[in-house]
Amino acid sequence: MALPAPINLSDVIAQTDIELRRLGWTVETGRDYLEQTYNKRSRHELTEEELIQFLCHLESLSDPTADIST
C-alpha cells in the first residue's frame, strides 16, 4: 500500500498568506484567530492538520469583512 504524498507545509503557509491578503486580515487579526482557535500565536506553531484546517477556514470565507469568529 502506497503512502500518500507528503504535504509541503511551506506551500500551505504560502496559500494562507494569499487568503489572508484576499480577506484583508492584518497580522493581528490572524494572530487573534489563531489564539482563539488553537491557543497558538503563529502558523508555524500549528500542526499539519491545524494548518490545513486554518487554510480551509480562510478559503471558506468569501466576504473580506467576514467576522473572524465565523
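This is a predicted model: local features need pLDDT of at least 70, side-chain atom pairs count only at pLDDT 80 or more; totals for chains, interfaces and linings use all residues.
The chain as a whole has three helices and zero strands, and from the N terminus on its elements run α-α-α. Of its 70 residues, 33% count as buried. Among the contacts in the chain with a separation of 6 or more, 63% are accounted for by residues 24 or more positions apart.

### The aromatic pairs

A search of the whole structure finds two aromatic pairs. In one of them, the rings of Trp25 and Tyr33 have their centres 5.9 Å apart, and their planes stand at 50 degrees, so this pair is tilted; both Trp25 and Tyr33 are buried. The rings of Tyr33 and Phe54, in turn, have centres 5.6 Å apart and planes at 20 degrees, and the pair is therefore stacked, since planes under 30 degrees apart count as such. The values are set out below.

| Pair | Distance between ring centres | Angle between planes | Class |
|---|---|---|---|
| Trp25 and Tyr33 | 5.9 Å | 50 degrees | tilted |
| Tyr33 and Phe54 | 5.6 Å | 20 degrees | stacked |

Taken together, Trp25, Tyr33 and Phe54 form one aromatic cluster.

What does the pair of Tyr33 and Phe54 tie together? Tyr33 belongs to helix 2, which covers residues 27–38, whereas Phe54 belongs to helix 3, which covers residues 48–60, so the pair ties together parts that are 21 residues apart in sequence.

### The packing of helix 2 and helix 3

Two packed helices are described by the angle between their axes and by the distance between those axes. The axes of helix 2 and helix 3 come within 12 Å and cross at roughly 125 degrees, which makes helix 2 oblique to helix 3. The crossing of helix 2 and helix 3 is right-handed.

On the side of helix 2, the contact is made by Tyr33, Leu34 and Tyr38, while on the side of helix 3 it is made by Glu50, Gln53, Phe54 and His57. Sorted by class, the residues in the contact of helix 2 with helix 3 are four nonpolar, two polar and one charged. Tyr33 and Phe54, which take part in this contact, are also members of the aromatic cluster with Trp25.

Methods:
Residues are numbered from 1 along each chain as its sequence is written. Side-chain values use heavy atoms; hydrogens and water are left out. Rings of Phe, Tyr and Trp (its six-membered ring) pair if their centres lie within 6.5 Å; planes under 30 degrees apart count as stacked, over 60 as edge-to-face and the rest as tilted. Buried means under 20% relative accessible area, exposed over 50%, partly exposed in between (1.4 Å probe, protein chains only). Helices (H or I, at least four residues) and strands (E, at least two) are DSSP runs, numbered from the N terminus. Axes are lines fitted to C-alpha atoms, for helices over the stretch in contact, and angles run from 0 to 180 degrees between N-to-C directions. Angles under 35 degrees count as roughly parallel, over 145 as roughly antiparallel, 65 to 115 as roughly perpendicular and the rest as oblique. A crossing is left-handed if the near helix is turned anticlockwise from the far one by less than a right angle, and right-handed if clockwise. Contact means heavy atoms within 4.5 Å. Ala, Val, Leu, Ile, Met, Phe, Trp, Tyr, Cys and Pro count as nonpolar, Asp, Glu, Lys and Arg as charged, and the others, Gly among them, as polar.
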